Amino acid sequence: MADNAMHEDKDASAFFDEVEKEKKNDYETCSASQAFDAVFQCYIALFLALGSQAINYYRYGTKKDCSGKWDDFKFCLKTKTKSSEIADAMIKEHQAVKDNMKKRGRNSEEVWEARQ
């Protein structure tokens, strides 16, 4: 009988662990390690790979800028100290702002029109 009660406790614990995991999966998250990798790769490309710099200058008319990736990394670190709900709202708002800036920013088609 004691084994049965212990088995039920394990089942209940597993159920609540699964529910908690599902709740966490519903929230937006950012990976600090991936954000740092993006910063690192950008700076490596900026200083070592002249081909990448030439392609960026050719497409957009400016040199490559890594400040946006650095800002994303710092933002991701800020979300790590917040609760899941607050971090989710912060990430969604940050992504909406980035998407809006991207739509308003220059694109390669504008550069091509200017060169023709």
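How many disulfides does the count come to? I opened my notebook with that one, and the count comes to two disulfides. A reminder to myself: this is a predicted model.

**Entry 1: Cys-30 and Cys-76**

I started with the disulfide that joins Cys-30 to Cys-76, with an S to S distance of 2.2 Å. Next I asked where the two partners sit. Cys-30 is in the loop between α1 (2–25) and α2, while Cys-76 belongs to helix α4, so to speak 46 residues apart and a link between distant parts of the chain. Are Cys-30 and Cys-76 buried or exposed? I found both of them buried.

**Entry 2: Cys-42 and Cys-66**

My other pair is Cys-42 and Cys-66, whose sulfur atoms are 2.0 Å apart in a disulfide. The torsion about their S-S bond is about -90°, so I wrote this disulfide down as left-handed. This pair also links distant parts of the chain, with Cys-42 in helix α2 and Cys-66 in the loop between α3 and α4, 24 residues apart. I checked burial here too, and both Cys-42 and Cys-66 are buried.

Which pattern do the disulfides follow? Counting the bonded cysteines along the chain, I get 1-4, 2-3.

**Entry 3: the largest pocket**

On to the pockets. The largest pocket has a volume of about 1,200 Å³. I listed 30 residues in its lining, and those nearest its centre are Asp-65, Gly-68, Lys-69, Lys-98 and Lys-102. Which elements give two or more residues to this lining? I noted α2 (32–48), α3 (50–60), α4 (67–79) and α5 (84–104). Sorted by class, the lining of the largest pocket holds 10 nonpolar, 11 polar and nine charged residues.

**Entry 4: the second largest pocket**

I gave the second largest pocket its own page, with a volume of about 160 Å³. Its lining has 12 residues, and I marked Glu-28, Thr-29, Thr-79, Ser-84 and Ala-87 as those nearest the centre. Which element gives the largest share of this lining? That is α5, with three residues. By class, I wrote down four nonpolar, four polar and four charged residues for the second largest pocket.

How values were computed
Residues numbered from 1 in each chain as written. Predicted model: local features only at pLDDT ≥ 70, side-chain atom pairs only at ≥ 80, totals over all residues. Heavy atoms only, no water. 1 Å grid on protein atoms, 1.4 Å probe; cavity = no way out; pocket = protein on both sides within 12 Å on 5 of 7 lines; lining within 4 Å. Points joined across faces, edges and corners; volume = space filled by probe spheres on them. Helix = DSSP H or I, 4+ residues; strand = E, 2+ residues; numbered from the N terminus. Nonpolar A, V, L, I, M, F, W, Y, C, P; charged D, E, K, R; others polar. Disulfide = S-S within 2.5 Å. Buried < 20%, exposed > 50% of the residue type's maximum accessible area, 1.4 Å probe, protein only.
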